[in-house]
Amino acid sequence: MSCLALSLQPTNGSDILLQTREWFPPARALVALSAFRQTRLAFASGKHQLAEDGDTSLGDDPLAASSGQVIVGVESRYRIVYRLVNSIYVLGITTVDDDCVNNVFECISIVNQAVSVVVTACRGVDVTPEKLSRKYSEIYMALDIVLRGVSNIRLAAMLATLHGESIAKMVHSAIHTENKIRGADNWSNVEIHAVEHEAGLEAFSNARFELPPETLEAGDEVAATLNITGPATSELEQQQKTEEDPVEKDPFAASDALNKPEELVGGFKKDKKAQPDDLTKALAGLEVTTLPPAAATDSTHIGVEGFEGNYGGIEFGQDGSTLPEDFEGLNQAWGGGLDASEFVGPKKVPKTQGLGGLELLQTSAPPTTTAATGGATPLEDLLVKKTEMKGPQMYISEEISAEFRESVLARVGLLGVVYLKTLPPKASDDKETEFSFRIEGTSCVKRFVIQSSRVSSLGNGIFHVRTAPSDEPMPILKYSLQPRLTPLPLRVRLTQRHSGTLLSIMIQYVSNPDLPAPLNDVTFVVKLPVDPTLLQCSPKAILNRSEKELKWHIKEIPLRGNPGKLRARMPVDESSEEVADEEIEVVGYVKFSAQGTKSLSGITLRPASDGGTDFYEVDHRYESGVYMCN
C-alpha cells in the first residue's frame, strides 16, 4: 500500500492540515500524528537532559534533521516519513511493510512533491503557519492531487498555476498538460478523424458490387473455349433435348422399360479403352492379408504330467475357426487362446508318502466354523463403533499462553479458532454447505477475525457460512480475549534457592476450580542450567541429559485440592563456565490439553434460530501454548 495520508505539523502548536485517502479513516491518521508528536517530544526531552552546558548548536530535537522516517504506535503501527521545512514538518503516513521496499520509496517521493507544493505556495523556504493559511485552499487541493499520484510534468504545471489563477483551472487544466508537453494531440481534435474512419468502414462493408452484362457475356465466351473435357454432342441431340424439356410427363404413366426386349449378354457394353493392358495394374489395388511365418503355425508339445498336450500353433479348417481368431490366440497368456482347465483333470494327482509322515498333517479335516445367522460380523465393527456424520459439525479450539514470575502473572493470552467440518464431497454430492449460526458469551473477546471467503457477518453476533465441502476441518473464525478477562486453567509458581554449591527447585501448582473437568496427563518440564552429577527428585522425574531437562508427568490434577509440589535438588559447581559468567536461571514449562462440551473461554455456538439443527456442535478442546514460569 502506498502513502495513506499527508499532514503539515508545526514544531509548536496543533496540526495545520491533514489529507487522507478515501479508505483510510482520519481518526487513525490523527492517532499516528499524535504518536509522532509524542515521540518527537520524548526524544527532545531526553536529549536535553544529556546535552552538555553551552553546547546548543545542534539543538535539542533529535528529529530536527531535514528528513527521515520513524515507526510509531503500539498495537497499530505506522511508518511516518517526514521532512522539516523551516518550522513545519511535512509528514507522510504509510503502513509498516518490512518486506516491501517500494512502499517506502513511493511514500518518500510523495512527501518530496508535497514539500515542493508547500515551498511554492510560500514563495520560498521561509515556511510559516501564517503564509500557509493564506494559500490554504490551493495547498489543500494540490496535496489532494499529489496524494493520489501525479507525474513530474503535471506537478510542474500545477506549481506554475499556483499563484494568480483559480483553483478550478489548476485542477482541471492539468489533466491535458502532459499530453501537450509530450506533443500529443487533444482528443477533441482527433475525434473527427476517428468518426470519419468508422463511417468509411461501415460504408465499405455494406457496399454491393454488380458486373455489367457485357462483362458476363465475355466471360461465358472464354469459358466455352476452355471447356474441352466434356463429350462432344451433336446439334440434333441438343435440339431434341430442348424440345423434350418443356413437355410435362405424367408421373403415373408406365415406364418405358416394359416395352424394351430382354437383353442378357448384349446388355453388357464392352469398353476396350477402359480395359488395362497390364493385369498387374489391376491387381495393385487389392489388399491381401499376409500369413504368419511357417514357424508360427507349428504347435509346441508339452510333456509335463497333468499338462500334456499341444500348445499354440494354427490349425486351419478345424471347428470352423477363422484366421483372425487363431492369430489373436498367439498373444494370450496360455498360448493358443485355450483355457488351462482343458489340460488339467478334475481330480488331484495322488502324492506318494515319502516325507517321513509330515504329509499326514494335511490329511485332517479343517475345523468347521459355525457362523451366526445373517453373516459373520467383522472384528473391526465389534471393537470400533463408527459414527456417521449427519450434517456439518463445528467446534472451538483454543490455545492459552501465560508467563508466571514466581507467583505473579506477568502476561497471558488466549487465541481461539472456530472450525467447521462439512460432509465429505462424496456424501454431499459436492453441494455447498450453507447455514447461519450465532456466537454467545463474547463479552471477554478483544478482537474477531473472520474468513471473508467463507463467512459473512450479519450483525448482533450472527454469522452466515457458505463454502464447498471438504474432507478436512477448515478454520472460519479467529478471536483473542482481553488479558484481564482470560481464564487460567492452572496457576504455577517456581521458586529456587542457591546456597553454596546446592541448588534447590520447587514448583507449586493448583487447578482452577471453575474448570468443567479436571486436567489429565499434565507435563511439567524444567530447563536445568547444567547437567547434574547428582539429582534428588520428589516425586520421581525423568532426566534428559542431552537437553538438560527434568520432566514430571501428573496423571490428574483435582479441581479442589491442596496445591501440588514438585521438588528437585542438585549440586552446582560455581567454577564451571556455564555458571560463572551469568546468574543461574531456571525456567519451567507446562503442557496440557483437554476436551469437553464447554470451551475454556465460555464462548458457545448456537443456531441462528431457536430449535434449528443446521449444524452439530461437537466437543471443544483447548491446549497450552507457551505456558511458562520462572
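**Aromatic pairs**

Modeller: Searching the whole structure gives 15 aromatic pairs, where rings of Phe, Tyr and Trp (its six-membered ring) pair if their centres lie within 6.5 Å, and planes under 30 degrees apart count as stacked, over 60 as edge-to-face and the rest as tilted. The model is predicted, so local features need pLDDT of at least 70 and side-chain atom pairs count only at pLDDT 80 or more, while totals for chains, interfaces and linings use all residues. Residues are numbered from 1 along each chain as its sequence is written, and side-chain values use heavy atoms, with hydrogens and water left out.

F437 and F463 are stacked, at 5.7 Å centre to centre with 25° between the planes. This pair links distant parts of the chain, 26 residues apart: F437 is in strand β10 (residues 433–440) and F463 in strand β13 (residues 462–467); strands (E, at least two residues) are DSSP runs, numbered from the N terminus. F437 and F463 are both buried, meaning under 20% relative accessible area (1.4 Å probe, protein chains only).

F437 also pairs with F615: the centres are 6.4 Å apart and the planes at 80°, so this pair is edge-to-face. F615 lies in the loop between β24 (604–607) and β25 (616–617) and F437 in β10, so the pair ties together parts 178 residues apart in sequence. F615 is buried, as is F437.

Ring pairs join F437, F463 and F615 with F435, F448 and Y479 into a cluster.

Terms used: Helix = DSSP H or I, 4+ residues; strand = E, 2+ residues; numbered from the N terminus. Buried < 20%, exposed > 50% of the residue type's maximum accessible area, 1.4 Å probe, protein only.
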